[in-house]
Amino acid sequence: MVSYVVYGRGAFNQLDEIIAPHRKAGAPMIFLLDHFFEGRPLASRIPLRGNDKVIFADVTYEPKTTQVDALASQLKAEFGAISGVIGIGGGSVMDLAKAVSLMMNNPGSSADYQGWDLVKFPGVYKVGIPTLSGTGAEVSRTTVLTGPTRKLGMNSDFTPFDQIVLDPELTKDAPANQRFYTGMDCYIHCIESLTGTYLNEFSKSYGAKALDLCREVFLSGKEWTNEDDDKLMMASYAGGMSIAYSQVGVAHAVSYGLSYLLGTKHGIGNCIVMNHIGEYYPEGVVEFKKMVEQNHIDIPQGICANLSEEQFDTMMNVSLGMKPLWENALGKDWEAIMTREKLRELYGKL
Ligand SMILES: NC(=O)c1ccc[n+]([C@@H]2O[C@H](COP(=O)([O-])OP(=O)(O)OC[C@H]3O[C@@H](n4cnc5c(N)ncnc54)[C@H](O)[C@@H]3O)[C@@H](O)[C@H]2O)c1
Ligand SMILES: [Fe+2]
């Protein structure tokens with residue numbers, strides 16, 4: 001779990017104090033800032049000291065193992081040792097920050113550690129500061145990376161942040177569509193966790209709270225307010241805690257295939273899939289569609305219309321490789337339920 005959590009509007013202003021005890025002589029703090037903030041006021045509020053460095057992270061594409069390896073090598077070459085990495089942005093930047101922190105202290109390539117409990121050594125001090133709410137990346141024990149052969153996280157006890165700063169003010173300017181797609185990641189985490197076979201009281205407690213908050217913000221029928229940003233940030237936290245002790249399910253397993261082949265982003269990819277999986281989550285999908293309608297969001301259709309059979313095969317291989325997700329969703333006999341034919345048919349509808 002994350003050891004230190006600060007929550008509140010304006011909490012970003014405490015960052016200098018928060019990180020001060022973790023500074024090591026001569027070793028800089030590295031601020032990985034989402035490129036969206038380049039030239040915007042947040043960039044000039046970063047508490048730089050000594051040889052600290054701001055790196056604008058281009059998240060046009062979701063994080064890749066090659067990008068993580070390049071950043072870690074660059075930092076090792078430039079500074080030798082660093083005091084810490086502070087990721088400020090959406091799920092992509094937070095994941096980059098976690099992975100770079102780990103690769104400062106682990107040999108080889110980040111691709112070697114995609115899987116469960118493969119990371120050998122703790123990373124350098126790492127801080128996560130979300131500017132979008134929903135992924136739960138701020139609390140999870142994974143960092144999702146696209147590698148040479150798969151899209152899979154570095155899941156380990158060393159992966160969670162040492163500190164997070166939850167300041168809902170930072171999400172204020174997110175465009176309504178992006179806010180919805182990332183927010184739905186949280187809603188879908190709740191549905192997948194609460195209906196999954198891995199469910200337990202820990203996950204249920206957090207999942208139920210996150211689900212309530214998602215309903216309050218996405219089904220209110222009112223204009224979006226600061227209070228909604230406050231609530232969605234806590235929903236993301238609770239939703240992340242919920243899956244920490246269970247798993248995600250069908251929407252994620254299918255959406256990983258889209259993302260691997262087509263580069264479809266996580267939030268929107270989950271929404272594209274969620275639109276078509278009423279068979280597995282009947283109530284969740286009805287409510288999801290209501291949220292889409294009330295918030296006037298467009299969910300793309302027909303993104304697999306022109307794909308070859310070989311491409312469908314690639315997506316299916318990635319998707320069926322996510323065994324824990326399928327087992328959580330459909331039980332131990334999932335392979336008899338989600339056959340390749342069934343999955344091919346589902347991808348065909350997207
Ligand atoms: N580690 C985990 O547990 C976990 C869980 C779910 C998803 N993820 C990962 O998170 C990523 C998706 O994250 P996301 O949905 O937060 O989106 P994102 O981080 O990919 O960002 C989406 C877009 O929004 C922009 N953006 C960020 N903050 C903004 C703001 N305040 N205002 C305006 N624009 C802003 C970014 O520049 C980017 O263009 C994927 O890479 C996914 O794999 C990780
Ligand atoms: Fe997710």
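Q: Is His189 buried or exposed?
A: Keep in mind that this is a predicted model. His189 has a relative accessibility of 4%, and the cut-off for being buried is under 20%. So His189 counts as buried.

Q: Which residues coordinate the iron ion (ligand 2)?
A: Look for donor atoms sitting at 2.1 to 2.2 Å from the iron ion. One is an OD atom and the others are NE2 atoms. They belong to Asp185, His189, His252 and His266.

Q: How many residues apart are His189 and His252?
A: Among the iron donors are His189 and His252. This pair links distant parts of the chain: His189 is in helix H5 (residues 176-194), while His252 is in helix H8 (residues 250-262). The separation is 63 residues.

Q: Why is the arrangement of the 4 donor atoms around the iron ion (ligand 2) irregular?
A: A tetrahedral site would need all its angles between 85 and 135 degrees. Here the 4 donor atoms subtend angles of 87 to 173 degrees, which makes the arrangement irregular.

Q: How is H5 oriented relative to H8?
A: The two helices pack with their axes 9 Å apart, at an angle of about 130 degrees. That makes H5, relative to H8, oblique.

Q: Which residues of H8 make the contact with H5?
A: From H5, the contact uses Asp185, Ile188, His189 and Glu192. By class, the whole contact has 3 nonpolar, 2 polar and 2 charged residues. On the H8 side, the residues are Val250, Ala251 and His252.

Notes: Residues are numbered from 1 along each chain as its sequence is written. Chains are lettered from A and ligands numbered from 1 in the order in which they are written. This is a predicted model: local features need pLDDT of at least 70, side-chain atom pairs count only at pLDDT 80 or more; totals for chains, interfaces and linings use all residues. Side-chain values use heavy atoms; hydrogens and water are left out. Donors are N, O and S atoms within 2.8 Å of the metal (3.2 Å for Na, K and Ca); water is not among the atoms, so sites may look incomplete. Four donors count as tetrahedral if all angles lie between 85 and 135 degrees; four count as square planar and six as octahedral if opposite donors are over 155 degrees apart and all others between 65 and 115; anything else is irregular. Helices (H or I, at least four residues) and strands (E, at least two) are DSSP runs, numbered from the N terminus. Buried means under 20% relative accessible area, exposed over 50%, partly exposed in between (1.4 Å probe, protein chains only). Axes are lines fitted to C-alpha atoms, for helices over the stretch in contact, and angles run from 0 to 180 degrees between N-to-C directions. Angles under 35 degrees count as roughly parallel, over 145 as roughly antiparallel, 65 to 115 as roughly perpendicular and the rest as oblique. Contact means heavy atoms within 4.5 Å. Ala, Val, Leu, Ile, Met, Phe, Trp, Tyr, Cys and Pro count as nonpolar, Asp, Glu, Lys and Arg as charged, and the others, Gly among them, as polar.
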